[in-house]
Amino acid sequence: MEESGSRGVILTGMQPTGTLHLGNFLGAANRWNRMLERHTCYFFIPNQHAITVPQVPAALRAATLDCVAQYIACGLDPRRCSIFIQSHIVGHTELAWVLGSLTPIGQLYRMHQFKDKSAKGEHIYSGLLYYPILMAADILLYNADYVPTGEDQRQHVELARDLAEKFNATYSETFTVPVPLIEAVGARIMSLKFPERKMSKSDPDGNATIYITDGPEVIWKKIAAAVTDSGDRICADPERPGIANLLNIYCSATNTAVGVAEEKFATYRGYAPFKRELADALIALLGPVRERYAAIKNDKKYLQSVIHNGAETVQPIAHKTLAKVYRKVGFLEKK
Ligand code: ATP
Ligand code: MG
């Protein structure tokens, strides 16, 4: 789905659960950059979502500020958007509580992410189940018109839409019903080692993932070692997920239509020359990101000022929405 020409509110974020990767860049940040011009953009760091799986407190704190540096390195210019930390704002968890009271529990058990992540974990906490409601609150608190995400978040945005409609029908028109913005190419970048799984920050296998901080040598090594198959045809065949993933990455990184790329590589024999071209494209794409990151990552004062300003901008909006919601559901006002 594409956003209309009119100026709208964009809300989206990435968890501070590790260094951002190619999937986060192609499926998310690089697209967000293109929205700065036309929309009012709120990019947040969902640290409250991050604790739905176990975290080391000091590492989470450091990763949160580091994520701000990575956002800016990916091109999100804080002069043209608001960047803020979820836990700095009063309103997200409060609204989630209200929305939770409208959410049938069966709908939460059906969420793919809950099924995937709970299958991996030994201890499953209710926060992981509740996660999509908090995400709905993140979106509805700012009356976001559009939520750009990767394919993995589609179901969660659908829930936010359902809850907005349900709240509006139950109480009266309050929330904007958000539209997910999910692109066909780049929306789902897969692991380089297990191409049936998506590339993830939380994947412990660093060789399955290209990080935005990876240098040329590392990128080349990871692409050279990426899983393919015994064939030699470069095409987007779902039966051959390894090469299809690499082609998808190439197309997304170079803004090339899949059909055009398939035609270009039709005469290539073997995967090596294609892999070299792909690695070069990624080196060119991520080089400036890595350089910007190196330049700002240690400037804590600057990074703190960015999230301070972000919170100053968005807190009044959150307060206003929350007050309206509390009034509508019948919470007695504090005098
Ligand atoms: P985690 O493993 O901790 O869940 P993640 O890699 O899935 O991390 P998120 O912070 O959950 O990253 O997601 C941030 C954004 O990046 C979301 O918009 C999500 O849809 C998008 N995204 C995540 N992984 C991919 C991927 N492999 N391909 C395309 N987009 C992705
Ligand atoms: Mg995720």
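In which helix is asparagine 168 found? Please start there and carry on to the rest of the fold.

Tutor: Happy to! First, a word on what we are looking at. This is a predicted model, where local features need pLDDT of at least 70, side-chain atom pairs count only at pLDDT 80 or more, and totals for chains, interfaces and linings use all residues. Residues are numbered from 1 along each chain as written, chains are lettered from A and ligands numbered from 1 in written order, and side-chain values use heavy atoms, without hydrogens or water.

Asparagine 168 sits in helix H8, which covers residues 154-170. Helices (H or I, at least four residues) and strands (E, at least two) are DSSP runs counted from the N terminus. At a relative accessible area of 11%, asparagine 168 is buried (under 20%; exposed is over 50%, partly exposed in between, with a 1.4 Å probe and protein chains only). A polar atom of the asparagine 168 side chain lies 2.9 Å from the backbone nitrogen of phenylalanine 175.

Between H8 and strand S5 (179-181) runs a loop that holds serine 172. Serine 172 is partly exposed, at 32% relative accessible area, and its phi, near 155°, is positive although the residue is not glycine. Most residues other than glycine have a negative phi. Asparagine 143 is another residue with a positive phi, near 45°; its place is the loop between helix H7 (126-141) and strand S4 (146-148). Asparagine 143 counts as partly exposed at 21% relative accessibility.

Now to the strands. Four of the five residues of strand S1 (residues 9-13) are buried, so the rest of the structure largely encloses S1. S1 pairs with strand S2 (residues 40-45) in the parallel sense, over five bridges; pairing takes at least two DSSP bridges. Valine 9 has threonine 40 of S2 as its bridge partner.

Helix H1 is mostly covered, with eleven of its twelve residues buried; among them are Leu22, Phe25, Arg31 and Trp32. H1 (residues 22-33) also supplies the largest share of the shell around ligand 1, namely four residues. That shell has 23 residues, and Gly150, Ile189, Lys198, Lys201 and Ser202 come nearest (near means a heavy atom within 4 Å). An oxygen atom of ligand 1 is 2.8 Å from a polar side-chain atom of threonine 17, and an oxygen atom of ligand 1 lies 2.7 Å from a side-chain N or O atom of histidine 21. Methionine 199 brings a polar backbone atom to 3.0 Å from a nitrogen atom of ligand 1.

One last stop is alanine 236, in the loop between helix H9 (216-224) and helix H10 (241-254). Alanine 236 counts as partly exposed, at 38% relative accessibility. From alanine 236 to proline 316 the sequence separation is 80 residues, while their C-alpha atoms are 47 Å apart in space.

Definitions and conventions:
Polar contact = N/O pair within 3.5 Å; in protein donor to acceptor, adjacent residues only side chain to side chain.
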